[in-house]
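Please look over the model below. Then read the short report that follows.

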Amino acid sequence: MLRVSLREISAALKEGRVSPTELCQRCLSFIKATKFLNAYITVAEETALKQAEESEERYRRGQILGDLDGIPVAVKDNFSTAGIETTCASNMLKGYIPPYNATVVKKLLDQGAVLLGKTNLDEFAMGSGSTDGIFGPVRNPWSYSRQYREKSVHNSHTENEDSNWLVTGGSSGGSAAAVSSFTCFAALGSDTGGSTRNPAAHCGVVGLKPTYGLISRHGLIPLVNSMDVPGILTRCVDDAAIVLGVLAGHDPKDSTTVQDPFKPFELTNFIDASKLCIGIPKEYHAPGLSSETLALWSKAADLFENAGAKVIEVSLPHTRYSIICYHVLCTAEVASNMARFDGLEYGHRSSMDKSTEVMYAATRREGFNDVVRGRILSGNYFLLKQNYETYFIKAQKVRRLIANDFVNVFRSGIDVLLTPTTLSDTIPYVEFIKEDNRTRSAQDDIFTQAANMAGLPAITVPTALSEKGLPIGLQFIGRAFQEQQLLTVAKWFEKQVKFPMIQLQGLMDHSHTVCQHQKSAFFS
Amino acid sequence: MAASILRRSLLAPRCRAGDVAALHSGPSRRRAQAPGPIASGRRMGKSPAGERSVAPWVAVVGLEIHAQISSNSKLFSGSQVQFAAPPNSLVSFFDASLPGTLPALNRRCVEAAVMTGLALNCSINKKSLFDRKHYFYADLPAGYQITQQRLPVAVNGSLSYSLCVGGKKNQMVTRTVRIKQIQLEQDSGKSLHDDTRSQTLIDLNRAGVGLMEVVMEPDMSSGEEAAAAVRELQLILQTLGSSQAIMAEGQLRVDANVSVHHPGEALGVRTEVKNINSARFLARAIDYEIQRQIKELENGGTVINETRAFDYKLGCTIPMRDKEGKQDYRFMPEPNLPPLILCDNKSLPANTNHQHVVNIDWIRERLPDLPSVRRVKLVEQYGILPEHSFTLLNEDGLMEFFENVVRQTQMNPKKVIGWILNVMLGYLKQHNLTVQESPVSSLFLADLLNLLERGTISSSAAKQVLEELWKAEGKTPLQIVEEKKLELIQDQQELEQICQAVVEGHQEEVMEIKKGNPKVLNKLIGLVQRTTRGRADPVLVKQILEKRLSQ
């Protein structure tokens, strides 16, 4: 039952085939059973059960709030949740309980959704592996899938099977793992340079980064204000459209959200592919792109072409400057955004209190990890009066050129761009940590951050399994505020590729804590 | 008396003799011309620095003024704005910089800034931007202040102000200072340092309140000018209602940039004088700083570019401990606020919700009369002197009081103004009362002046009535007149008898007058008045006495 889509479980709830409480309890037990994945930082068992009970009451009275009523969801731990600890996986905010809900969280709850808990991430969402938070790395559920296990047995007989577990990608790895391992039906991530799409691709789920300005950032603890967008992780494109319909719209608390009213949409099952024009940006043939992913990408292009769509190679000439500009703009805003963490109003405060300055310094040294401190340092360097023009202004100018590249391509008649989401499938943790956070981020955000620089909507759709039996996703980038078109294309594509469902027997074998009868219940 | 009140309230206190008394600034001049020379106090006796010191010094003064916007809520949050509320009782999540909170611009604050910009003859930028200015301070919770560094809401304006010049300070001149820009920004919280317990307490009630920073070009050359300019700005803000501009409550805070140089030479190194939170000390602080720099330079020293605080107890400026030298504020565009777009009638988009736009023309059409216009109108309408019009505007509510009295009395406004400025304002000042607190209403004063005008009472009787009225016992002027029998003596015979008695009792004075000293007549008139307790018509008394003496 837990493996169905949000849409299906919503129907089951409405038909009374399952009750919200039952569903919530099942998810909570499954979260416990998969605790070793480290997907959740906080499980809000008590409030979730209470919300489920309230939902049940609404179903009983026939007064449900919407499609999400009674549906268990998870939220990345950088969204403020009233009364529930919100840590950003950082010592700085350990123990911090926000007094208010992020707008997106409020919207979910207003629709009757059941909030199971807060998911793991890289500290302050700075990373691409979900490996650099104080609560430890998130494990990719595919590490324990039958598909991966069967293939890897031949390669590594000698190795300890547990040391071979894979990273989820990041920084929203906890949310991706939660959706992928069936502990919830939808999860919120955040996407600044690819933080929703990257782990979604590595975990074989759908990851949507909507247009900047479509969804409120109020309550999202910022990484880069001018690029952050709340992301949606679901098991299929239809589910993403449902959640988008709930979250989108103007918020007076976020001045960067657009005023135009948003009309929720349902996706059609049939499209006339002959009217479609798909662009293939040639600059995305980047060094390091795995042959497998490349092959899959071109196969996908063929798929559209065979269906009658126009598939055209296009150029986004400034792509190669994108990642370095992203780095400058990102660190500059990080330096600014992190200034508020001084130990005075909330969060960690050092016991060193000789002077206010000493307290600031010690608090920030103790509260932030090396990655955060490194970005603050370089960001402040770029913002210094003597460097501002050379770095920040220049990066902003190039950002404009990158955004214009997209404008030009879409103006030429392209509807949607098709690109890889990541260079390759995911890798074991032991491999991943051989490179530092900065190197990894630069590699892993390569195909994703340009959409953030330009503010465009983008979605990754799980496409096929690699030779190792691991998911590979492809990315569609759409025109600004044309989510309906983007998702329609994504849904059509999803239907064609028939991505296999994760076989989690291996995961259950791994989980020693789960009782036999529970186990049978999950997979009945 | 009127003139002295005028000076006291319009201008900051007069300079100390020998220090800056010589710090006058010649006749009215335009800013393009060289400022008037300043003689340093020390130069009078000796000239230690040789020939150079013979050249006069000129001072250059520019001002940065922070005016707190009068609004119900803060610049970017819904928290209330209120003076002297319990600490940390007016703090939203945004004001405390809770992670994830975002600024939402308060429309009222934008309108106040536009209004102020228009009143100061600025061009209003239809597009302006917000920036972050970073520095760590305990009362700045976000670690940065949101301000308008690159593109402020208003630029290139001017402010005309008047001040008294000349040896007797009896000549009014009008000067103009250019306004460089007006920018919107957030106020900080307040730090309360408890040295004994080595603690700092933070009150965030003020954090995030909207400020207009008005930057004045260095077109002034003395504390007196600066004080007059600030006073005029204060009046304009109060007229517009864009700021209450009460200095004592910190709603108007002035920083002054001061330098001195010899005419024809490059401008000197400037210092910034901060913490001038009272109108009284503004001129004194600047003039002190000018003299300090002159002395420093004449003694062969140098002026260093530093921030100094005015110590009002010691009456001098002292260097402020700079926070680890020069700060780099690492300015950055505020990413959470889109550009502030204003429109006018021409650019007003069709079918727009008026809640979503601020229309410059709409605001311009509704600007109230500014103080300068009101003064001209007062002079034209009532025939009063220009300096009287200044006093009427300088005292909050006095103009309205005056106009109410004029409306309710037959007395000529030119005579009314004397009663208002000399008698009433004198009394209020003496008792430290505001016009609103006056125990005598405009109606009662008008009644009283009517009694005087109709010849029911004499002016000295009127003053006696006023003495009673101050007690505010609710009696009308007429009641008091009747009770105290203060009506003029209408009986000519009675008056003649009294005069006769006075003449007979003061033969010495009579002789004096007859010898050709007519001034002594006034003494006799006074004696008659004393006898009648002011109830005699002085004109009549004079006639009677003159008749008697010529017999």
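Leaving aside its neighbours within four places in sequence, which residues is Asp255(B) in contact with? They are Gly62(B), Leu63(B), Glu64(B), His66(B), Glu272(B), Val273(B), Lys274(B) and Asn275(B). Contact means heavy atoms within 4.5 Å.

Asp255(B) sits in strand 11 of chain B, residues 252–261. Strands (E, at least two residues) and helices (H or I, at least four) are DSSP runs, numbered from the N terminus. Asp255(B) has a relative accessible area of 10%, so it is buried. Buried means under 20% relative accessible area, exposed over 50%, and partly exposed in between (1.4 Å probe, protein chains only).

## How the model was made and read

This is a predicted model: local features need pLDDT of at least 70, side-chain atom pairs count only at pLDDT 80 or more, and totals for chains, interfaces and linings use all residues. Residues are numbered from 1 along each chain as its sequence is written, chains are lettered from A and ligands numbered from 1 in the order in which they are written, and side-chain values use heavy atoms, with hydrogens and water left out.

The predictor gives the complex an ipTM of 0.94 and a pTM of 0.88. Chain B has a mean pLDDT of 86 (the predictor's confidence in each residue, from 0 to 100). In chain B, 89% of residues reach 70 or more. Over residues 1–35 of chain B the pLDDT is below 50. Beyond near neighbours in sequence, that stretch has 75 contacts in the model. Residues 41–53 of chain B also have a pLDDT below 50.

## Where the chains meet

Chain A brings 41 residues to the contact, and chain B brings 31 residues. About 2800 Å² is buried between chain A and chain B, and carbon and sulfur atoms give 57% of that area. Buried area is the accessible area (1.4 Å probe) that two parts lose on being put together, summed over both. In chain A, Ser255(A), Arg340(A) and Glu345(A) lose the most area to chain B, together 20% of what that side buries.

Between chain A and chain B there are zero salt bridges. A salt bridge is a side-chain nitrogen of Lys or Arg within 4 Å of a carboxyl oxygen of Asp or Glu.

## An enclosed helix in chain A

Helix 8 of chain A covers residues 237–247. Eleven of its eleven residues are buried, so helix 8 is largely enclosed by the rest of the structure. Among them are Val237(A), Asp238(A) and Leu247(A). Just after helix 8, Gly249(A) takes a positive phi of about 130 degrees.
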